[in-house]
Amino acid sequence: MSIWRVSGGKKLYGDIKIQGSKNAVLPIMAAAIITGCETELINCPRLSDVEAAMSILRYLGCKAERDGDTVYIDSRGMNRTDIPHDLMREMRSSVIFLGAILARAHKAELSYPGGCELGPRPIDLHLEALRSLGAEINEQGGSLTCRDNGLKGTGINLSFPSVGATENAMLAACGAEGETIITNAAREPDIVDLQVYLSKLGASVNGAGTSTVTISGFMPQKQVGHRVMTDRIASATALCCAATTGGSVTLKSVDPADFETVTSALENMGCDIERKSNSVRITVSNRLCSPKPVVTRPYPGFPTDAQPQLMAACLKAKGTSVFTENILDNRYRHVQELCRMGADISIVGRVAVVTGVEELLGAQVSATDLRGGAALVAAALGAKGETTIYDTGHIARGYEEFDKMLMSLGADIRYEA
Ligand code: UD1
């Protein structure tokens, strides 16, 4: 178990480059098997979830190698259509391989990804979309056996704009004959990055970023190069860390529009924000006040993935901050850990109410999940004294060298393996 010791109270100053996006790169890595081709992914973050996706690719018979921030995938030798349980459970996004394997091989066998620490994570919308494209899917004893006699383009109306179901439908539709129109599609920037990659791979795909995505043909390409978009949640997290400590931090090579809901909440709390076309600077000199109520919603709403980190930034803010979590059932697991540090938070159903305190005190806490873990780090940076954070392995799933990035800004973090 890895442990971090954070000595709080140091203001953060400096410039940082934000990593490539975890949520964008994982579906793109799955998409790399839709045809046998070579893909060079630049700006690919070093994360345990990315390593897990590389292991799946290798198991399927593809080459997957890293050189610095570039991952090279050669899917020409793919010779399997199953993913064993131990690889499936490494990360929830593994279910995204289902649409891609079907598009390539017209049969697939996977174990059910099941729930996770954030509560039940059903995949009924993914399966419904694949069935409407013509896949026969058998669910038995925790495994999914799928085959099709040629996928056929169709209309798919998602009852909720699920990111994962939109991605799975887009990947499978690349292997279908005729046009597929996905309505009520998720509009996240990750979907736009997937469209850019799929277009380079040879798909005629349009509409990503709106509620209607159309896939209408495929001309396979042999070699694809793609630069993964910047991680909007890592950007939001860095801003929240600066908000808890004070100081002045500039995020380089980012698109401010991707995480505008988080930036405006911080601005609303009294942070001074300077947006440029590819950078954002946050400067915090005074005690913050609570933001307008924060309600998580599908993009372009406030992201559930930034809720714990913004909550950390509100703990010492003057007044009462109100959060409503609409996306995931169990996304307040960080709350009881934050309370160990002296935070005043009460939860009723989907609503969490934070009453700002004057001071947080270092304590012993445990990271319970990826974003909750990042929130504990953010809170610890703004606390008096030392906070020991256990189970920081969760953080490595989504943040590349998070500790080093914060230390480069002046944070005091020591760790034990
Ligand atoms: C969600 C977030 C995503 C975030 C991820 C990890 C949204 C819309 N999605 O993605 O940004 O990166 O958590 O924290 O904010 N659902 C079903 N059936 C399905 C698929 C989804 O009922 O087949 C429900 C989920 O239970 C959840 C909601 O739809 O309540 C979100 O769906 P989706 O975006 O696919 O969820 P995740 O991939 O978990």
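This is a predicted model: local features need pLDDT of at least 70, side-chain atom pairs count only at pLDDT 80 or more; totals for chains, interfaces and linings use all residues.
Residues are numbered from 1 along each chain as its sequence is written, and side-chain values use heavy atoms, with hydrogens and water left out.

User: How many aromatic pairs does a search of the whole structure find?
Analyst: Rings of Phe, Tyr and Trp (its six-membered ring) pair if their centres lie within 6.5 Å; planes under 30 degrees apart are stacked, over 60 edge-to-face and the rest tilted. Ring pairs join Trp-4, Tyr-399 and Phe-402 in a cluster. The number of aromatic pairs found in the whole structure is two.

User: How many residues apart in sequence are the parts that the pair of Trp-4 and Phe-402 ties together?
Analyst: The pair of Trp-4 and Phe-402 is tilted, with 6.4 Å centre to centre and 35 degrees between the planes. Helices (H or I, at least four residues) and strands (E, at least two) are DSSP runs, numbered from the N terminus. Trp-4 lies in strand S1 (residues 3-7) and Phe-402 in helix H13 (residues 402-408), so the separation of the parts in sequence is 398 residues.

User: Are Trp-4 and Phe-402 buried or exposed?
Analyst: With a 1.4 Å probe and protein chains only, buried means under 20% relative accessible area, exposed over 50%, and partly exposed in between. By that cut-off, both Trp-4 and Phe-402 are buried.

User: Which helix gives the most to the shell around the ligand?
Analyst: Helix H5 (124-132) and helix H6 (163-173) each supply at least two residues of this shell. With three residues, the helix that gives the most is H5.

User: Which residue has a side-chain N or O atom 2.5 Å from an oxygen atom of the ligand?
Analyst: A polar contact is a pair of N or O atoms within 3.5 Å; within protein, one must be able to donate a hydrogen and the other to accept it, and residues adjacent in sequence count only if both atoms are side-chain atoms. Backbone N or O atoms lie 3.3 Å from a ligand oxygen in Pro-122 and 2.8 Å in Val-163. The side-chain atom at 2.5 Å belongs to Ser-162.

User: Which residue caps the N-terminal end of H12?
Analyst: Helix H12 covers residues 370-381, and 12 of its 12 residues are buried. At its N-terminal end, a side-chain oxygen lies 3.3 Å from the backbone nitrogen of Arg-371, and the capping residue is Asp-369.

Definitions and conventions:
The expected span of a helix is 1.5 Å times one less than its number of residues.
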